[in-house]
Amino acid sequence: MAEALTQTYLSILEQLGEDPQREGLRDTPKRAAKAMQYLTRGYQTSLEEVVNGAIFSSDNDEMVIVKNIELYSLCEHHLLPFIGQAHVAYLPNGKVLGLSKIARIVDLFARRLQIQENLTKQIADCIQEVTGARGVAVSIEAKHLCMMMRGVEKQNSSMSTSVMLGTFRTSEAARNEFLQLIRGN
Ligand SMILES: [Zn+2]
């Protein structure tokens with residue numbers, strides 16, 4: 001795949017009217033191919049690898065929340081980055097997940113071609129599936145370079161999405177607690 005992708009980037013440079021042989025660009029197709037593979041490595045990673053057995057019995061039934069998880073993704077419409085933060089909470093039901101795993105699950109789905117709405121839902125569904133939680137809440141705020149650098153060129157607009165599952169959907173108190181905790185930063 002790397003070789004075909006390198007050739008494709010070479011062709012893109014030519015089609016832009018560039019000279020791919022000039023010094024600064026000579027290794028660019030190869031570097032761009034490597035970078036693109038890195039930015040989409042979620043396709044090559046399995047959930048099993050990510051969780052790697054880090055799921056533990058616990059009688060804690062209080063909300064577990066991980067805030068301000070850095071998020072880097074690529075929009076599937078323009079292949080341009082969107083960058084922001086994810087906040088993830090769940091209400092354990094006998095099982096908890098190693099904390100670093102939550103950030104890795106965010107990455108597993110962020111490092112693909114995405115739209116923010118689907119990304120938010122995929123993270124929530126995955127945490128729900130892995131932990132069997134009573135409820136899962138995921139909120140993402142992100143700035144989209146496709147909006148900032150092209151089109152409407154709105155530099156300061158960010159997009160917020162959230163998905164509530166289980167108790168977070170049915171209980172206003174749980175939902176409010178989550179929203180308060182993420183706003184408190
Ligand atoms: Zn876009």
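Strands are DSSP runs of E, at least two residues long, numbered from the N terminus. The model shown in these views is predicted.

View 1. Three residues supply the protein donors: Cys75 through SG, His78 through ND1 and Cys146 through SG. These donors lie 2.1 to 2.3 Å from the zinc ion. Along the chain, the donor residues follow the spacing C-x2-H-x67-C.

**View 2. The annotated binding site.** An unreviewed UniProt entry places the feature "binding site" at Cys75, His78 and Cys146. These residues are spread over 72 residues of sequence, yet they cluster in space. The largest C-alpha distance among them is 7.9 Å.

**View 3. Cys75 and its surroundings.** Cys75 sits in strand β2, which covers residues 64–75. Its relative accessible area is 5%, so Cys75 counts as buried. Setting aside residues up to four places away in sequence, Cys75 touches Leu80, Phe82, Gln114 and Cys146. Of these, Cys146 is also a zinc donor, through SG.

View 4. His78 is found in the loop between β2 and β3, the latter spanning 81–91. His78 is partly exposed because its relative accessible area is 34%, between the cut-offs of 20% and 50%. Beyond its neighbours within four places in sequence, His78 is in contact with Cys146 and Arg150.

Definitions and conventions: Residues are numbered from 1 along each chain as its sequence is written. This is a predicted model: local features need pLDDT of at least 70, side-chain atom pairs count only at pLDDT 80 or more; totals for chains, interfaces and linings use all residues. Side-chain values use heavy atoms; hydrogens and water are left out. Donors are N, O and S atoms within 2.8 Å of the metal (3.2 Å for Na, K and Ca); water is not among the atoms, so sites may look incomplete. Buried means under 20% relative accessible area, exposed over 50%, partly exposed in between (1.4 Å probe, protein chains only). UniProt positions are given in the numbering used here, feature names are shortened, and annotations may be inferred rather than shown by experiment. Helices (H or I, at least four residues) and strands (E, at least two) are DSSP runs, numbered from the N terminus. Contact means heavy atoms within 4.5 Å.
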